[in-house]
Amino acid sequence: MFDFSEEEINRYSRHILLKEVGVEGQEKIRNAKVLVVGAGGLGSPVILYLAAAGIGTIGIIDGDNVDLSNLQRQIIHTTRDVGFSKALSAKEKVNALNPHVKTVVYQDFLRSDNAIDIVKEYDFIIDATDNFPVKFLINDACVMTGKPFSHGGILRFEGQTFTHTPGSSCYRCIYSAPPPSNEVPTCSQAGVLGAIAGMLGTIQAAETLKYFTGVGELLTDKLLIFDAKTMDFRKISISKRDNCPVCGKTPSVTQLVDYEQSACDLLNHKK
Amino acid sequence: MATHTLDITNEHCPMTFVKTKLKLAQIADGDILEVLLTEGEPLNNLPRSAKEQGYNVLEVKHLEGKIHKVVIQK
């Protein structure tokens, strides 16, 4: 135990100095296995901060390639990565930042037929995706396998996030099902201020490190929402619903579902 | 109850405290750690930092020249 090399002691010294983290907390971080679903706007800061923090294993799943339009907010990728796999591009940055971190790359999308097998390999899952079908898929797969996860979503100038641990409220306790396609933002409404991705993803990374070190209070049963236009941050209490379709007493969702994506999402994935 | 020694006379802040915390994590509860350090910044900071984080500082003793000994019980 605590067999950190001189290099690691130096690298993680600012964590070790914290009373609440210390050597013991850094060891927990080193033993952690985290899956990041999506290596985009949210995934970029999440992956970079978790790699910097020394998370032992980071799984990165993303079936997309880097597009020039991503670079405005997806800061793990660079101009020379355009056209290459996002998952591989992210892995390369992790290796460069912290060679102690083991990466597992999935050049694929999370679907109903692979989600359980992938999710069950990890201790904590991060929803860093940009569409409702996958958000519900991650929620359901995590509830079914008893895994904690961080939900994150951003749009325009706003972000929202909460953390789920087994027994606390889940995404379907808040929203029973994906919104109808006419309520999903259209392409013209789907702009986002790049730095918002950094704000929200960084909160998700902090929640992950809090989860493993046991520091403070997680955003369980609390939905944190912010509006960067006014810099108002609010925490809304949420509660586990007995009639939740997936975590309730008599769940109606007992297997994973691939919901249809909106036309705009489909277009983006074809690029 | 074992006694351990840690020489941080070549370290600077904050690595002095980082190295001390690492050693304290590696020894058993109740064990004694004798930390050798230099006067000035290390001597001014280490006992204070250790107390702030709840460690039991038993003694601070001048050895020779600029070298001092801080005794901490885990």
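**A chat about the model**

Modeller: Let's start with A:Asp3, which lies in the segment before α1 (6–11) of chain A; helices (H or I, at least four residues) and strands (E, at least two) are DSSP runs, numbered from the N terminus. This is a predicted model, where local features need pLDDT of at least 70, side-chain atom pairs count only at pLDDT 80 or more, and totals for chains, interfaces and linings use all residues. Residues are numbered from 1 along each chain as its sequence is written, while chains are lettered from A and ligands numbered from 1 in the order in which they are written.

Colleague: Is A:Asp3 buried or exposed?
Modeller: A:Asp3 counts as exposed because it has 7 C-beta neighbours inside 10 Å. The cut-offs are 20 or more other C-beta atoms within 10 Å for buried, 12 or fewer for exposed, and partly exposed in between, with C-beta atoms placed from the backbone.

Colleague: Switching topic, which residues have the most contacts inside the largest nonpolar core?
Modeller: Those are A:Val34, A:Val36, A:Val37, A:Ile47, A:Ile58 and A:Ile125, in a core of 56 residues. A nonpolar core here is a set of buried Ala, Val, Leu, Ile, Met, Phe, Trp, Tyr and Cys residues joined through C-beta atoms within 7 Å. A second, separate core has 18 residues, including A:Phe4 and B:Val35.

Colleague: How many residues of chain B are in contact with chain A?
Modeller: Nine, and they meet 10 residues of chain A; contact means C-beta atoms, placed from the backbone, within 7 Å. The chain B side has six nonpolar, two polar and one charged residues. In that count Ala, Val, Leu, Ile, Met, Phe, Trp, Tyr, Cys and Pro are nonpolar, Asp, Glu, Lys and Arg are charged, and the others, Gly among them, are polar.

Colleague: What are the model's ipTM and pTM?
Modeller: The ipTM is 0.91 and the pTM 0.94.

Colleague: Where is B:Pro14?
Modeller: B:Pro14 sits in the loop between β1 (3–7) and α1 (15–26) of chain B. The peptide bond from B:Cys13 to B:Pro14 is cis, with omega near 0°.

Colleague: And what is phi for A:Met231?
Modeller: Near 60°, a positive value in a residue other than glycine. A:Met231 is in the loop between β7 (222–227) and β8 (232–237) of chain A.

Notes: Contact = placed C-beta atoms within 7 Å.
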